[in-house]
Amino acid sequence: AKLVGIFLICANSFLVWHLLVSTTGKYAYASIGTALIILSPQFVDLHSVAMSEPLFTTCILLSLLALIAYWNTDKRLWLLGCGVAIGVAALVRFTAPPLGAAIALGLLLDRRHRLTQRLIDAGIVSAVCALIFAIWAILSAVIIGRVTGRAFGFYGNMDDRAWQTYFNTLMSWLLPSQFPIVVRAALLSIFFIGCLCLLFWHSRSALQQSRDSSAANALLPIVLSFFFLFYMGFVLLACNIEANLTLTGRYGFPAYFTTIIMLTCVPANTAKSHVRAKYTYRAFAGLAVIVLLSHIARTLEKTHKAFENGIGYASPSWLSSPAIQSVRRLPAGSTIYSNGPDAIHFLLRRPADYIPSHVHERTGLEDPANPFRSQVTHLRDLPRAGNIYIVFFDRIDWRFYLASESELVDLLNLKLVDRRRDGRVYKMSRPPLNE
């Protein structure tokens with residue numbers, strides 16, 4: 001996992017640089033744009049843990065590079081590569097559809113070609129990524145009996161706190177939370193107004209310019225602006241479909257880094273004769289310096305804390321956890337259930353399963369195929385001749401959907417075998433007489 005992480009952070013850094021150099025043709029612009037992306041605390045955070053976002057970032061960058069290569073050469077082989085990258089992105093993250101929609105729309109706006117060819121180009125990309133997803137869906141249904149494993153319905157439960165998290169994510173693109181919220185909100189508003197102005201000035205001539213050889217320079221910012229709108233709208237829709245889903249940094253980063261790419265390309269390829277455009281470019285240059293300094297300071301602070309305290313389950317506090325050490329001493333071959341089976345697997349390389357849950361995390365409702373009562377009954381019916389243990393970690397307090405410790409102690413007649421300052425280990429004994 002560490003080698004994969006190192007590879008992805010190097011690959012994504014290079015792909016960002018290569019994309020900006022190839023579209024702007026100016027090393028100064030490419031350097032600033034690349035620094036604003038790879039030195040951002042969001043980029044460093046996502047690449048420091050084993051999650052799907054770094055690979056999703058790679059797929060986005062590869063799809064954009066393939067699209068640019070097609071615009072520069074008119075070879076449809078690049079459209080196949082673009083479709084493959086989008087298809088893989090759809091397997092990595094559920095937020096990939098906006099990418100395909102934005103690229104398809106960008107191909108339809110390429111006025112160098114007749115409408116028929118544009119429709120075929122968009123169809124090629126759509127068909128390839130749809131084929132990849134369909135093959136995966138069929139194999140998943142055959143092998144494990146389900147496709148996405150997510151029920152469809154409007155289960156979203158965003159409240160005021162979730163909306164505050166959403167706006168904090170956007171404001172953190174520019175300034176850290178230490179600044180007053182009024183300053184951060186005002187700067188974010190000015191930033192988006194400036195983006196709209198730049199896109200307006202760029203788009204006035206972009207469609208006409210796309211008739212010549214500079215199609216990539218003309219159309220890429222428009223494609224990225226479509227992606228921003230589609231992506232943010234899609235995530236908001238997902239927040240209303242899936243329960244307990246909010247727009248945190250991991251969901252906001254694709255919109256952030258593609259926006260930076262767009263804002264790097266527009267000034268580098270747009271004429272600066274317009275007075276208002278000239279002042280806008282200067283304002284963005286000044287903002288870029290402020291944001292870059294903020295990124296560097298925050299990233300250095302996060303890096304220092306990570307070096308001192310570790311990250312997640314790899315932190316010294318987890319490595320020296322008394323509860324983990326207690327689990328380590330359990331007999332080989334024991335069956336373990338816990339509110340933190342991922343911690344047990346990561347730290348001890350021992351198999352473990354989740355304790356029963358009252359509701360499904362993604363719907364907020366009880367799972368009709370495996371209700372809470374059935375889960376408890378399954379545990380009661382396990383052979384008592386073996387070693388069956390239930391482990392609770394105090395620091396894992398965010399899994400609200402799981403049964404509580406006191407509840408399972410009563411339902412399963414659990415016997416405490418080890419109490420530590422950060423958790424407890426129970427052993428299942430014979431069922432209660434009243435059951």
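Predicted model: local features only at pLDDT ≥ 70, side-chain atom pairs only at ≥ 80, totals over all residues.
User: Is R349 buried or exposed?
Analyst: Residues are numbered from 1 along each chain as its sequence is written, and side-chain values use heavy atoms, with hydrogens and water left out. Buried means under 20% relative accessible area, exposed over 50%, and partly exposed in between (1.4 Å probe, protein chains only). R349 comes in at 58% relative accessibility, so the call is exposed.

User: Where is D74 found, the residue with a positive phi though not a glycine?
Analyst: Its phi is near 65°. Helices (H or I, at least four residues) and strands (E, at least two) are DSSP runs, numbered from the N terminus. On that numbering, D74 lies in the loop between α4 (53-73) and α5 (77-92).

User: How many residues apart in sequence are the parts that E242 and R362 tie together?
Analyst: Their side chains meet in a salt bridge at 2.7 Å, N to O; the term means a side-chain nitrogen of Lys or Arg within 4 Å of a carboxyl oxygen of Asp or Glu. E242 sits in the loop between α10 (215-241) and α11 (249-269), and R362 in the loop between β2 and α16 (372-380), so the parts tied together are apart in sequence by 120 residues.

User: Which residue forms a salt bridge with R424?
Analyst: R424 is buried, at 10% relative accessible area. The closest N and O atoms of the pair are 2.5 Å apart, and the partner is D394.
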